[in-house]
Amino acid sequence: MSYSMCDNATRFFNELTALHAIFPPDLDEVGTLMFEDPYLLTLIDTLDGSQVPLEILPTSFSLTLPLLDGVGIHLSFFVPLGYPFRDLPECSVTSEAFTRSSRELCASELRAAFESRVGSECLYDMVLWAQENAPRFIEPPDATPCASAPSSIVTIERALLRFHHIINKEKRRAIAAMAETLGLAGVCKPGHPGAIVVEGAAHDVREYVARLRGLSWKKMSLLRTDTVASRTFPRAFRELPVDACHLREWMTEQGIGDLFKELIGILRS
């Protein structure tokens with residue numbers, strides 16, 4: 001099937017317009033649609049979908065949905081340039097009520113449900129699937145916990161990684177998508193050189209590092225891992241601008257500014 005990037009842009013923009021109408025910003029009880037650039041919400045309200053500049057379309061956006069009893073889910077979408085004609089969007093579903101195994105099972109079932117949908121719009125259908133199926137992956141707490149049973153203590157780790165460079169757009173999307181899938185928080189500094197600071201459950205951080213090593217890099221180094229008492233990073237993973245000053249500012253805000261000098265020193269070597 002032949003297609004043009006303009007056709008892709010128009011169909012993707014029309015989907016975003018529909019999602020914006022279903023999940024308006026002033027109705028948090030329905031859901032919260034978020035873009036990295038808030039100005040995009042204004043453009044959605046004013047632009048004609050038949051004349052959409054390709055450069056304004058986001059490669060990622062997120063949607064937070066309430067379920068029952070105060071439990072919510074967070075959907076992170078990563079949309080390749082070939083969507084919808086050639087490629088499928090990537091969608092990760094996370095929740096504070098998911099365990100690691102249930103999160104991975106949810107991701108596997110979601111991929112299987114939409115693997116045959118290449119060529120058609122499916123963002124809203126993914127949202128509906130998550131709303132309908134996410135409750136199956138929420139494991140209820142034990143009704144009668146045994147007082148003598150040992151408590152499950154989750155070890156929290158932080159990892160600092162440096163790269164010769166992080167430039168490729170597909171890799172940058174994969175960096176964020178894998179972090180979202182594993183429920184990790186932190187940031188990626190793209191460019192030359194590149195860096196990642198990440199925090200989460202120790203087994204998830206180690207799995208993340210292993211998955212990163214599975215990608216092709218000119219040079220990747222795990223600078224350090226530290227065990228910490230609790231999670232303190234904002235519960236999201238995002239990409240920072242290329243300039244290292246943004247990384248320094250973010251690390252200072254998180255109370256780890258003393259590590260920036262160590263990280264940036266290695267990056268300049």
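Strand β2 (residues 60-66) pairs with β3 in the antiparallel sense, over seven bridges; two strands pair if DSSP finds at least two bridges between them. I'm working from a predicted model here, where local features need pLDDT of at least 70, side-chain atom pairs count only at 80 or more, and totals for chains, interfaces and linings use all residues. Numbering runs from 1 along each chain as its sequence is written, and side-chain values use heavy atoms, with hydrogens and water left out.

Next, the other neighbour of β3. Strand β4 (residues 90-94) runs antiparallel to β3, joined by five bridges. I found F77 opposite C91 in β4. Strands are DSSP runs of E, at least two residues, and helices are runs of H or I, at least four, numbered from the N terminus.

Is β3 buried or exposed? Strand β3 (residues 72-78) is mostly covered, with five of its seven residues buried (under 20% relative accessible area, 1.4 Å probe, protein chains only).

Then the helices. I have α3 (residues 100-114) packing on α4 (residues 123-133) at about 140°, axes 11 Å apart. Axes are lines fitted to C-alpha atoms over the stretch in contact, and angles run from 0 to 180 degrees between N-to-C directions.

Which residues make the contact (heavy atoms within 4.5 Å)? I noted C106, E109, L110, A113 and F114 from α3, and D125, M126 and W129 from α4.

How values were computed. Contact means heavy atoms within 4.5 Å. Buried means under 20% relative accessible area, exposed over 50%, partly exposed in between (1.4 Å probe, protein chains only).
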